[in-house]
Amino acid sequence: MAARKGRRRTCETGEPMEAESCDPGSESPSQVYLPGKGPPLGEGEELVMDEEAYVLYHRAQTGAPCLSFDIVRDHLGDNRTELPLTLFLCAGTQADSAQNNRLMMLRMHNLHGTRPPPSEGSDDEEEEDEEDEEERKPQLDLAMVPHYGGINRVRVSWLGEEPVAGVWSEKGQVEVFALRRLLQVVDDPQALAIFLREEQARIKPIFSFAGHMGEGFALDWSPRVPGRLVTGDCQKNIHLWTPTDGGSWHVDQRPFVGHTRSVEDLQWSPTEDTVFASCSADASIRIWDIRAAPGKACMLTTATAHDGDVNVISWSRREPFLLSGGDDGVLKVWDLRQFKSGSPVATFKQHMAPVTSVEWHPQDSGVFAASGADNQITQWDLAVERDPEAGEAEADPGLAALPQQLLFVHQGETDLKELHWHPQCPGVLISTALSGFTVFRTISI
C-alpha cells in the first residue's frame, strides 16, 4: 500500500503504504492506500513506501527490460536468512532491435536488509552511519552473451553438475545454452572483464529447435527427470524434448493435440515423471500424460477455467494444487483430486488487470504470490482467517473488503511481467518489470 505525500506520483513500493498530505498545516492522519478500493490521490498527495513493512528491499536496472528470468540454484546453502544475501539470476532482454538483445547471468550481492528508523544521536554516530551506508551498497555483476531476437521466456535447470537455460525467442526458436562459464566469470571480476572482451561473442546455444510454427512463451523443465522439457507456442502446439546421450535432445515432431489457441504456460508435475499441465488463450487448463501418444495424451480438461485467456499456472510441490491466473484478473486454486468437477476450491479477485505471473512458495504449502498488469504484486496465505475480535473492519472499511487470505500488496513497479520465490532464501521474492528487477522480503512471510 502507499502513503500520500508531496506532489502526486506513483509509489516507489509497498504495502502497507500510508497516505499523508504535504500541507504543513494539515493534521490529517496517515491513511492506508488500497489500489482500486479507495478515493484517487488528491492534489498535493503522493504514495510513500512504508519501509517498516520490508525486511529486504532492492531494485536493479540492466539496460533493456527483461520479460522473463529464472533463479539459478547455487552452492551457497539452503534456508539462507543471514544478511547480506547473494543471488544468481538468468534473464533475457527485450531490446529495441533484434541484434541488441542479451542473455544475462546476474550476480546480486551485498544485499542488506532495510534500515531501522533513524534515532536521535551524536555527530559521531552520523559519520559512522555514512561509512556504514557505503559498506551496505548493493552490488550487481552481469555476464552477458549476444542473442539475436527478444527473449520471451527463460527457464534454468541443472543436468547433473551442468546448469543450462532453455530460451524461447521471439524469432520462433527454442534454444538451450550452457551456463557454467557465465556462472564462473560473474563471480570473478578479472575473469568477467576478459570474458566480456574476448569470449562472449563466441558463446552459442548447445542445441536449437526450430520446429515450432511461430514464437511462443510456454517452457518448463521436468523437476524429476533431468533434461526433459516441454515447449508450447502461440500456434497451440506443445512439443516434448527428451535428452539423449552426448548432451543433445530428441524433440518429438508430433505435437500434443488439444488446445485451440496459444499455449501460454506449462508446468510439470512435481510428483509424477510423465505428467504435465498446460493453460491456453482458449480459456482451458489441461493435464497430460506423455506415456500416451501425443494425440491421446490429454487426460483431464477444464474447458472454461477462466473468463478468457489463462495466462499462467503453478503446480504446488507440496499439495495436489494447481494455481492459475487469467486475463480476467482472477486467481484460482484447483484441487487436482477434484479437477474433473471443473470447479476451483478457491477464487480470489484483487488484481484489476490481467495476471502475469503466479508461483507457490517453495517451503510454505499455503502461500503463493501473483503479479498483474495493474502493477501490483500480491502475497496470499490460504490458511489465514480474519480475527473477528480485531476490530479491523470498524477501523477501516476498506480493509474489511479485502480477501481474508491477502497478506500483502506490493506496488511501485511498472508493467510487471514475472516473479519467482527464491528456493534457497525463504520469503525472498524477485520480480521483473519494465522498471527493472526488484528483490524484496516482506514482514508478512
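**Exercise 1. Describe the hairpin of S15 and S16, and say which residue in it takes a positive phi.**

Solution. In this hairpin three residues lie between the two strands, and Gly-246 takes a positive phi near 95°. Strands here are DSSP runs of E of at least two residues, while helices are runs of H or I of at least four residues, both numbered from the N terminus. The next step is the pairing: S15 and strand S16 (residues 248-251) run antiparallel and are joined by four bridges, where two strands count as paired if DSSP finds at least two bridges between them. Within this pair, Thr-242 stands opposite His-250 in S16. The model is a predicted one, in which local features need pLDDT of at least 70 and side-chain atom pairs count only at pLDDT 80 or more, whereas totals for chains, interfaces and linings use all residues. Residues are numbered from 1 along each chain as its sequence is written, and side-chain values use heavy atoms, with hydrogens and water left out.

**Exercise 2. State where Gln-405 is found, and whether Gln-405 is buried or exposed.**

Solution. Gln-405 is found in the loop between helix H5 (397-400) and strand S28 (406-410). Its relative accessible area is 19%, so Gln-405 is buried, a class that means under 20%, with exposed meaning over 50% and partly exposed in between (1.4 Å probe, protein chains only). If neighbours within four places in sequence are left aside, Gln-405 is in contact with Phe-348, Gln-379, Trp-380, Asp-381, Leu-382 and Val-384, where contact means heavy atoms within 4.5 Å. For the protein chain as a whole, 53% of the 445 residues count as buried.

**Exercise 3. Describe the largest pocket by its volume, its lining and the strands that supply that lining.**

Solution. A pocket is an open set of points on a 1 Å grid over the protein atoms alone, with protein on both sides within 12 Å along at least five of seven lines, and its lining residues have an atom within 4 Å of a point. Grid points are joined across faces, edges and corners, and a volume is the space filled by probe spheres set on the points. The largest pocket has a volume of about 1200 Å³, and of the 49 residues that line it, Asp-70, Arg-155, Gln-267, Glu-359 and His-420 are the closest to its centre. Among the strands that each supply at least two residues of this lining are S5 (66-71), S9 (151-159), S17 (263-268), S25 (355-360) and S29 (416-421).

Conventions
On a 1 Å grid over the protein atoms alone, a cavity is a set of points where a 1.4 Å probe fits but cannot get out, and a pocket is an open set with protein on both sides within 12 Å along at least five of seven lines; lining residues have an atom within 4 Å of a point.
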